[in-house]
Amino acid sequence: MTPRTRAALRRCLASPRVVIGLALIAAAVAVAILAPFLAPHDPQEQDLLNTLLPPAWAAGGVADYPLGTDSLGRCVLSRLFYGARVALYVAALAATGAALLGAALALVAGYFGGWVDWLVSRLVDIWMAFPPVILALILLVGLGAGVNKVVLAIVLIDWTRFCRVLRSEVIVVRRRDYVAAARLAGFTHAQTILREVLPAVLPLLITLFSLEMGIAVIVEAIMSFVGLSVEPNVAAWGVMIADARQTMNQAPWGVVAPVLAIFVTVLAFNLTGDGLRRALDPRLVTSRGEA
Amino acid sequence: MSRIALLLLFRRTLLAIPILLCVSALVFVILRLLPADPVAMSLPPGASAADMEKLRQAFGLDRPLPVQYVIWLGKLATGDLGVSIYFRRSVAELIATALPATLELVAVGLALGVALGVAGGLAMFAWRGRAGEQALDLGAAGLMAIPEFLWAILLILLFGVAWPVMPFIGRLSPDIALPAPLTGFLLLDSLARLRLDVFASALAHLALPAVALAIGVAPLVMRVLRSSLLDVIQEDYVTQARLRGIPERTVVVRHALRNAALPTISLIGVQAGFMFGGTVLVEMIFAYPGLGNLMVDAVRNHDLPVIQAVGLVYCVLVLGINAAVDVLYLAVNPRLRTPA
Amino acid sequence: MDVLEARGLEVSFGAAKVLRDVSFTLRRGRVLGLVGESGAGKSMLGRVIARNLPEGFAVTGGALSFLGQDLVTIADEPRRQLLGDKIAFIPQEPLTALNPVMTVGRQFDEHLARLGAPRAGRRERAIAALAELRLRDPASLLERYPFQLSGGMCQRVLIAMAFASGPALIVADEPTTALDVSTQAHIVQIVRALQRDHGTTLLFITHDLRLASHVCDDILVLYAGEVVERGPAREVCAAPRHPYTRALLAANPPLDGAARRLVTLPDTMPGLAAFASLPGCRFAPRCPVKDPACAAATPPLRDIAPGRAVRCTEACLTGAAAIVDAAPPRPPAPPPGETVLALETVSKHYPGERDWLGRRRPGVDAVKPLDLTVRAGEFVGVVGESGSGKSTLAKLVMGLEAATGGRIAVDGKDVTVNDPAARRVRLGALQMVFQDPQSALNPRRPVSRLITQAMEAGDGRWSEAERVARARALLEETGLSPDLLGRYPSQLSGGQKQRVNIARALCVTPRLLVADEIVSGLDVSVQAQILNLLLDLRRERGIGLVFISHDLAVVRYLCDRVVVMRHGEVVESGDTDTVFAAPRHPYTRALLAAVPPEDPDRPWPPEPGPAA
């Protein structure tokens, strides 16, 4: 491990943002994996005698339903736990796909320049003309609804986030003499890209990846909110919000619980990404000595 | 200056045409991947196969894809956006009523978001290294972790349900008769006709959705402005201004802020584009009769003519905002308007 | 009367004393030079005056007074009132010292307004001030933005602003370092003339002792935060006493006279972190004549003649005299071998970029058709100012850019088109040493993997043991300790980085090195080490060199042949001694005249050319 990497790691672990963010992410992942053991009920199980129950601590609450029930008498807490599975599944898969596609195009465009760069840049321009939500809606109309379609849509939309930012960073790295030196040492283009350029942009890629996971959670929530993601009976946070919105007057907590779940998850990814950016961005470190 | 601005706008428009062509082709192809049959969905159950075929022909859906696209483009050139399968009305007409509502919402939301963001950014900079900066930073992180559509729901919960002080459905109270549209922008029309009751009601209805949208923009503007100010304040010309004995306040306002504005303006341009995306769900949640609401209805009903037309309108809006931001950038950055 | 007086001034960073016991007086109308290599602490004084010390640095002792007013204890507001008015500053980087979004006129106007000038006459005053600097058409200059001006023009504007208030003191921190040699001479000429005319007191901070000897009345030589020698500029340069001052002058290659091997000191100046372990003389670890007592206690700065003081013991002073005299003559060039590199009418044209309106800007002929041959064992210097195309030439030779015309041959084989076969031929014979080791060394590679990077290329069939063995040999050859094998570039000093940079180029045993400004970022004493290393490499390996530089003195020391370039064109070329002794082209003459001569009594700078 280079001293630079070690110092960067130390700065990351000294950053309260990264530590808190990672802890929250770990908790969310644990909940998602252990949902069958943690959930007090089956998330689909309806208890029509106990609909719209408030949380256990509120007046009229029942200990059996810690966060109350929805309009069909389903356990809110259990649905929340299972919802984490959908959210994290989409986040991990979509962010990975978008990162791979975006980074590959950014490396090729930024390194070779010329017409390759022109082509990729125009592609990004076209994509950037769409507000992301609009493109997502259109894609899901075309592809049909479904959680894997949502993942595909996010990959097809958000590769531009990676591509735009990484491309300009690759261009900066490309101008460094050590890239020219690698070529003069006899490296092929592929060797130069993978051994000299990619490691230099990796910190930025990790940061963007973390932020993208948060964005993916939000997009999944939006799509399941409008009914374009999971099947209507599957527990997803967006579905829960859409259901609970109908009965918001009688049972506001039904909305608040999934909103809080989304808030905490997205906050965790944002904090991690933000902390990593501060810890890894060499410009921030040198210009302000900020950790 | 103004001639150069016009030149820039002209060039922007020229560049927008190929982008819009690509965008429309993209939308067209994606929508034709559709597994479900929009015609079948729009007819009552039990309609005969012959009925469906007739309808399909009426909408031109039986032709090969490139032919459909060329026909659509040709009609588009004459301003004909086709007929909505679901609403059975002219798409152009639907958009004409919805567009001013969305523009009004975005204008108010953007103005609010930028104002809050700039104020917050300046405050963060003024309090740099102190607790106030940390508090604002944490606040921004919190605000950013909740997307606009959830803010919309939370705002309704807070100011519509728990403490019912604000209206949250539609553009105007149902007991006020909608005045005959002049521009379609309620705030402008009401002022033009001196209908202060309409103005007040329209503003009240705009408040919550605009705040929901502003929350999406303000923290980003705040952070970018703060960090650009921190970068700029280290520049040589700022040091040199201080060494000339220029008072600190003047140094910040005259020398630092104008240079720090450049990256902030770029960010606002990108965010304004995203804000149009944000309006989709916010309008739906507030039952606000704008483009977003139209889009969601169209998506739910697989109303292809509406989806592709509205999608294209959004792209035109984004490109328009980008051009406007470019002109603003030009005004602030002399490097672009003067030959080196 | 004393304008500026320092008494035992001390600046600390934590426990480390960055400036220690700095004392001097600067009388009205005099020019004091503060000379030192990077890290000597020469910029600290200006920062103390402006209260602009970097974070963590603080004045911890002594006093610094300006016209009797203590600048250390003065409150912020009265200090701000002094700045720009009674004390003015000329910056190091003129291009970034003016606000890019404001016209020159607006900034000048702001400055005059701050001085309390009434609005009515401000424009005329600004025009008059710029005219005094012989800037052509000052009225239109006021309408322009800084990025439309050259560095030299920006610096003139800033100088005009500095003199506008008729200040008692001007602090100029390396005001010419960022400029080309000929511009440097002009700027120095202007500052000196204005200083004399206005009777201004000037504090001139520079790394260039020779420049200081021509600009300043008195000189303070700083080493690692201490004044090691003080005295009248001419005397200090003509007869330096302190071993460091002697070594500094001896490390600087002269433009005339016999070429002697440069005297080098071992290692580099200690940094902040090392100060704590140097209780005594901070120069002792590198001192050729040190005495065990020096390391224990700092000798005081003692007067040795009227106006002259040295921080050294008497015994050392006598011993130091021997250093320079002992220098052997520069080794003669060996007879050159067969031709390695041949350029025939090679040219490079860059098409202009499109601006935001899509208009194509005019293109540049970076290199106009040019012939050049370099033989094995031959050292060829390529000299030119910025924009002369000398770096583009290096890229063309190395195949990093494709030539737009002409033919390039390596070992007689055509390599103009850089296909894989040409690449093999070229990279087997030619290697490049880059200008900025900061950018040329991948910060993620340890030294061992940096210098043997070429062994990783292709299918990389070398074992780890073979790589380490080669790395050790290369380190030894470039005068580096094998302890550095596992270090990363961030852990190396500037000189060490440049040696690693050279070692990497030697890995494939090339017969010709292309070196682009490889000593321009280095201090004189480190520069001398690198130059001598290159001469040693020729002796041991018979290697040839294309040495690209803006520094004529360095080229004269190192190269057998020289090529002078200007605007992409060769204006003069030939045998180094001939060209330097009797330059034919006016541009070569102007370049040579712009270099401060070794003899402090020769009048310099030359009379200025026409107004810019």
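Visitor: What is the area buried between chain B and chain A, and which atoms give 79% of it?

Guide: Welcome! Please keep in mind that this is a predicted model. The size of an interface is often given as the accessible area lost when the parts come together. Between chain B and chain A, that buried area is about 4,000 Å², and carbon and sulfur atoms give 79% of it. Chain B brings 49 residues to the contact, while chain A brings 43 residues.

Let's look at the charged links here. Three salt bridges are counted between chain B and chain A. One pair to find is A:Arg278 with B:Asp137, a salt bridge whose closest N and O atoms are 3.2 Å apart. The interface of chain B and chain A also has three residue pairs in polar contact, with both residues at pLDDT 80 or more.

Now turn to the side of chain B that touches chain A. Several helices of chain B each supply at least two residues to that side, among them helix 1 (2–31), helix 6 (131–144), helix 9 (196–232) and helix 13 (304–332). The largest share, eight residues, comes from helix 11 of chain B. Sorted by class, this side of chain B has 37 nonpolar, seven polar and five charged residues.

A:Arg17 and A:Asp274 join their side chains in a salt bridge, at 3.6 Å from N to O. This pair links distant parts of the chain, since A:Arg17 lies in helix 2 (residues 16–33) of chain A and A:Asp274 in helix 11 (residues 253–280) of chain A, 257 residues apart. Are these two buried or exposed? A:Arg17 counts as buried because its relative accessibility is 17%, under the 20% cut-off. A:Asp274 counts as buried too, at 8% relative accessibility.

For a contrast, visit chain C, where the side chains of C:Asp536 and C:Arg539 meet in a salt bridge at 3.5 Å, N to O. These residues are three apart in helix 19 (residues 524–541) of chain C, so about one helical turn separates them. C:Asp536 is buried, with a relative accessible area of 18%, whereas C:Arg539 is exposed at 58%.

Some are joined up, as in a network of salt bridges linking A:Arg195, A:Glu196, C:Arg445, C:Arg449, C:Glu456, C:Glu464 and C:Arg467.

Conventions
Residues are numbered from 1 along each chain as its sequence is written. Chains are lettered from A and ligands numbered from 1 in the order in which they are written. This is a predicted model: local features need pLDDT of at least 70, side-chain atom pairs count only at pLDDT 80 or more; totals for chains, interfaces and linings use all residues. Side-chain values use heavy atoms; hydrogens and water are left out. Contact means heavy atoms within 4.5 Å. Buried area is the accessible area (1.4 Å probe) that two parts lose on being put together, summed over both. A salt bridge is a side-chain nitrogen of Lys or Arg within 4 Å of a carboxyl oxygen of Asp or Glu. A polar contact is a pair of N or O atoms within 3.5 Å; within protein, one must be able to donate a hydrogen and the other to accept it, and residues adjacent in sequence count only if both atoms are side-chain atoms. Helices (H or I, at least four residues) and strands (E, at least two) are DSSP runs, numbered from the N terminus. Ala, Val, Leu, Ile, Met, Phe, Trp, Tyr, Cys and Pro count as nonpolar, Asp, Glu, Lys and Arg as charged, and the others, Gly among them, as polar. Buried means under 20% relative accessible area, exposed over 50%, partly exposed in between (1.4 Å probe, protein chains only).
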